[in-house]
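Here are some brief notes for a first look. Please keep the model open while you read.

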Amino acid sequence: MKAVVVCAGERCSDRLLFAQCRDADLLVCADGGLDWALEKGLKPDVVVADGDSMRSALPEGCEFVSLPQRKDETDAEVAAKLAVNRGCRRVVILGGTGRRLDHTLGNIQLLVGLKMLGAEGELLDDCNAVTVTREKACLWGKPGELVSLIPLGEDVNVRATKGLLYPLADSDLLLHEPRGVSNEFTGEAAEIDVRRGWVAVVRSRA
């Protein structure tokens, strides 16, 4: 099952929004993400909110999960984990990037949390697609498309890569050196095999 979590960050294009929601089994809005969804004619299954950014009234028949404003988790975290608890093994986060860099970084952390729960998370906007891995992963793109490998910790080693312009072999990705930035697909498929640690895989286009 696939879930889409719509957040209150920078809005993506209608094309991306509708493409991701079209085949979603569960649509969850995190607080102000409800305003965006309703403006586009989408009806969420669940709204998770503490009310600090949501301006729209709750649609009839929509489940509402009320959150306190003083809490440890972000609204996006609660929404994404709710989706996993309801059986979704793929969670796409929209509106999770933008001017709030802290929320963008936090949502990348959230991808790790989803992976630890057995789900595949993806943070999407019109220019970037972010996933995380700590094992072998297949990547899909286009020749020449940019892909960056960002370590999420101090002890990260990549056993090998395939299908990238700058191959890695038994390579340590160091937290203080951005050496994994701006690699490129040589074909439509690539592979990264992580020996240890967590890696954020960022596919970008101009």
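1. Start with a side chain. The side chain of Asn183 reaches the backbone nitrogen of Leu165 at 3.4 Å. Bear in mind that this is a predicted model.

2. Asn183 sits in strand β12, which covers residues 183–184. Its relative accessibility is 6%, so Asn183 counts as buried, the cut-off being under 20%.

3. Who surrounds Asn183? Leaving aside neighbours within four places in sequence, Asn183 is in contact with Glu145, Leu146 and Val147, and also with Leu164, Leu165 and Tyr166.

4. Now turn to helix α3. Eight of its eleven residues are buried, so α3 is largely enclosed by the rest of the structure. The buried residues are Asp75, Ala76, Val78, Ala79, Ala80, Leu82, Ala83 and Val84.

5. What do the buried residues of α3 pack against? The partners are the strands β1 (2–6), β2 (26–30), β3 (46–49), β4 (63–66) and β5 (90–94), together with α4.

6. The pairing with α4 deserves a look. The axes of α3 (residues 75–85) and α4 (residues 101–116) come within 10 Å and cross at roughly 25°. Angles under 35 degrees count as roughly parallel, so α3 is roughly parallel to α4. The crossing of α3 past α4 is right-handed.

7. On the α3 side, Ala76, Glu77, Ala80, Lys81 and Val84 meet Asn107, Leu110 and Leu114 of α4. The residues of this contact comprise five nonpolar, one polar and two charged.

8. Finally, check the backbone just after α3. There, Gly87 takes a positive phi of about 100°.

Notes:
Residues numbered from 1 in each chain as written. Predicted model: local features only at pLDDT ≥ 70, side-chain atom pairs only at ≥ 80, totals over all residues. Heavy atoms only, no water. Axes fitted to C-alpha atoms, helices over the stretch in contact; angles between N-to-C directions. Helix = DSSP H or I, 4+ residues; strand = E, 2+ residues; numbered from the N terminus. Parallel < 35°, antiparallel > 145°, perpendicular 65-115°, else oblique. Left-handed = near helix turned anticlockwise from the far one by under 90°. Contact = heavy atoms within 4.5 Å. Nonpolar A, V, L, I, M, F, W, Y, C, P; charged D, E, K, R; others polar. Buried < 20%, exposed > 50% of the residue type's maximum accessible area, 1.4 Å probe, protein only. Polar contact = N/O pair within 3.5 Å; in protein donor to acceptor, adjacent residues only side chain to side chain.
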